[in-house]
Amino acid sequence: MGEASGVLPNLVVDTTVLPPADRFEFWYALVAQETAPAHISSAHLDDFAAYIQAIDLGRIRLTSLRYPSLDSIRPAQLVRKAEADVYQLALPLTGRSVLTQDRTESTLEAANHFALLDTARPHVARHRADGPGLATAITVQIPHAALSLAPDRLRRLLAMPMPSHRGVGGLLAHHLRGIAAHPEQFEPAEAEVLGSVALDLLAATLAQHLDLEGTLSPEAQQTALRARVVDFIDRHLDSAELSPRSIAAAHHISLRSLHRLFEGEATTAAELIRAKRLEQCRRDLGNPLQLRQPVQVIGARWGFPDKAHFSRLFRARYGRSPQAYRMAVVHQER
């Protein structure tokens, strides 16, 4: 339980370090502080084993949670008493959640859907773990002012399930899961950028569901398009046809527009393709199950049919030849 320095997480709490009798009361107060006050009930009050990791990302706050089955109710009286103009994005990773707000009730299946709640309005959230284990989820706290879409329009989407496994919503979920799973990979200085990307992807997702994509800022539209391009690259890395030209055609934009998308990035589209393919080669070369696969076969699989060219590129990126890298990994394993 405490704060981390030098990395993204700024709050990590594990209730199991507390006496069982104190755990639920502590969690109750923590949730009120981190999100918005609510009436919480659970069948596990005597031994409430739960975990929370909260990460500040500029204007938004991302929270990873593990907890037993519970019900959370934020009635009108509590909203008036402790008002908060904050949206909460709920993304269940395991278990199942039933959310109710503004006469809309939806069931979120883990890894398939997320939903938006407004803490400035009454709502009910019932979370169920799989079997005797803990439910796991990611939530994001978003101030109303951080989203460019008007609150009266967003009301139509409150508590509605939105896909988290495909489309722009899938890119948003992938972005959030990556930060939550490995916050140590990011520097504190990157928090603002990570938060801005999440906001742009969320705005694009919500606008898509409202048929308001044309109202997004140019920056949000560019971020969403760039994310779709990177996702396309990831899904077609093993295709011999993958190239900046084929990417531009698939997204109905000119080659010049594609290049403009990456002007502010550290890499071009072609360089990104090459880097991602080399990383796949590195992973395969280090996989014990692929030791019998010749180096040139692995290179060709990921778009490098010329053995000598592949070796030069691999050495330039990783400091040794593909064969030397493989042998070093085998030696280390032994």
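Biologist: How many salt bridges does a search of the whole structure find?

Modeller: The search finds 12 salt bridges, where a salt bridge is a side-chain nitrogen of Lys or Arg within 4 Å of a carboxyl oxygen of Asp or Glu. Keep in mind that this is a predicted model, in which local features need pLDDT of at least 70 and side-chain atom pairs count only at pLDDT 80 or more, while totals for chains, interfaces and linings use all residues. Residues are numbered from 1 along each chain as its sequence is written, and side-chain values use heavy atoms, with hydrogens and water left out.

Biologist: OK, which residue does E34 form a salt bridge with?

Modeller: E34 pairs with R61, and their closest N and O atoms are 2.7 Å apart. E34 lies in helix α1 (residues 20-34) and R61 in strand β4 (residues 60-67), so the pair ties together parts that are 27 residues apart in sequence. Helices (H or I, at least four residues) and strands (E, at least two) are DSSP runs, numbered from the N terminus.

Biologist: And is E34 buried or exposed?

Modeller: E34 counts as buried, at 10% relative accessibility, and R61 is buried as well, with a relative accessible area of 17%. Buried means under 20% relative accessible area, exposed over 50%, and partly exposed in between, using a 1.4 Å probe and protein chains only.

Biologist: Which residues are linked with E34 in a network of salt bridges?

Modeller: The network links E34 with D56 and R61.

Biologist: Switching topic, what does D102 form a salt bridge with?

Modeller: The partner of D102 is R121, with the closest N and O atoms 3.1 Å apart. This pair links distant parts of the chain, 19 residues apart, as D102 sits in the loop between β7 (96-101) and β8 (104-109) and R121 in the loop between β9 (113-118) and β10 (123-128). D102 is partly exposed at 29% relative accessibility, and R121 is partly exposed at 24%.

Biologist: What about K276, where is its partner?

Modeller: K276 forms a salt bridge with D234, the closest N and O atoms being 2.9 Å apart. K276 lies in helix α9 (residues 269-285) and D234 in helix α6 (residues 218-235), so the pair ties together parts that are 42 residues apart in sequence. K276 is partly exposed, with a relative accessible area of 23%, and D234 is partly exposed at 38%.

Biologist: How many residues does α9 have, and which are buried?

Modeller: Helix α9 has 17 residues and reaches 24 Å from its first C-alpha to its last, close to the 24 Å expected at 1.5 Å a residue, the expected span being 1.5 Å times one less than the number of residues. Its buried residues include A269, L272, I273, R277 and L285.
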